[in-house]
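Subject: Structure for you to look at

Hello,

I am passing on the structure below. Please open it first, then read the notes that follow.

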Amino acid sequence: MKDLVLNDGHKIPLVGFGTYKLLGQDAVQSVADALKNGYRLLDTAAVYKNEEAVGKGIKESGIDRNEICVTTKLWRENLGYNQAKIAFQESLDKLGLDYIDMYLIHWPANAKNYTNWQKANADAWRAMEELKADGLIKSIGVSNFWQEHLDALFQTANSIPAMNQIEFHPGYWQPELTDFCKQKDIAVQSWSPMARGKVFGNAVLENIAARHNRSVSQICLRWIIQKEVIVIPKSTELSRIKENINIFDFKLSADEMTQIDTLPEMGFSGELPNEWPDRAESPNSNNL
Ligand SMILES: NC(=O)c1ccc[n+]([C@@H]2O[C@H](COP(=O)([O-])OP(=O)(O)OC[C@H]3O[C@@H](n4cnc5c(N)ncnc54)[C@H](OP(=O)(O)O)[C@@H]3O)[C@@H](O)[C@H]2O)c1
């Protein structure tokens, strides 16, 4: 399994396992299956309400915890110094771990929800820097940050994020943001690498898959890791869990990479960092 080296010196596998929408025993089983089949990176979040199950899956797998890179995330309604510290401890307790490998701000504060969004992100970040200094987190990063959110964070941060987890799949891959992150030595991680299934049925991807005798999922994942971007596909099916990590023994040509790069927009989730919440999620949001 290939790793990337983060700007803080820690390593992270190029392929990990996503857990959004996995709950209860399904989550325990899928996480254990993923670990038993070679995954060493897990992605969860406080808002997924499965941190306990992910922790149980780690134990059930029998794999040494120190071999596994665990990511969890600070939810966007908890951006602030004290809130971040409390939320982090809750995540740690639910996971049943004594440290987290990667802790991310899940979505940046925005002007719709915070009177001073820059300060909310900066305060949460300061709390995360302290937790890292205390040895409770190995690496800290962000998710769904655009350049404007990163530039604002750089004004007060002592350390720049190790990673930015963003929507990234054929048909919507934010190339300018990706280039900006790479210039700043911020690793990029793709969420929804198959656009939650919306890429299936695309003729260009199907042709490339047929040429390599691979699935469309494997083509999407391979295209992403060939860009040195980390992937975290989610699946509950054992056969797919195995399929999604089996992407290191073939290579897409430069022409195939370009064909996928230039696909028209498809599968965009519609989620934007400056727009949340589109659907009223919490009556308290506007007061934070
Ligand atoms: N930071 C953020 O804001 C954010 C947002 C979204 C997601 N994420 C993270 O990114 C992870 C991945 O994204 P995602 O779960 O939204 O989408 P995804 O990984 O692109 O797609 C998951 C869907 O594809 C299906 N699938 C997986 N492998 C397959 C295969 N080989 N063949 C056919 N179908 C397959 C799964 O169904 P089955 O389960 O039935 O196989 C599931 O319905 C999440 O789980 C989460 O950890 C983060």
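Axes here are lines fitted to C-alpha atoms, for helices over the stretch in contact, with angles from 0 to 180 degrees between N-to-C directions. Helices are DSSP runs (H or I, at least four residues) numbered from the N terminus.

This is a predicted model, in which local features need pLDDT of at least 70, side-chain atom pairs count only at pLDDT 80 or more, and totals for chains, interfaces and linings use all residues. Residues are numbered from 1 along each chain as its sequence is written.

Confidence. The protein has a mean pLDDT (the predictor's confidence in each residue, from 0 to 100) of 95, and 96% of its residues reach 70 or more. In residues 279–288, however, pLDDT is below 50, and this stretch has 10 contacts (C-beta atoms, placed from the backbone, within 7 Å) beyond near neighbours in sequence.

Helix pair. Helix H1 (residues 24–36) and helix H2 (residues 51–61) have axes that come within 7 Å and cross at roughly 40°. H1 and H2 are therefore oblique to each other (angles under 35 degrees count as roughly parallel, over 145 as roughly antiparallel, 65 to 115 as roughly perpendicular and the rest as oblique). Among the residues that meet are Val28, Val31 and Leu35 in H1, and Val54, Gly57 and Ile58 in H2.

Regards

Note on methods. Two residues are in contact if their C-beta atoms, placed from the backbone, lie within 7 Å. Helices (H or I, at least four residues) and strands (E, at least two) are DSSP runs, numbered from the N terminus.
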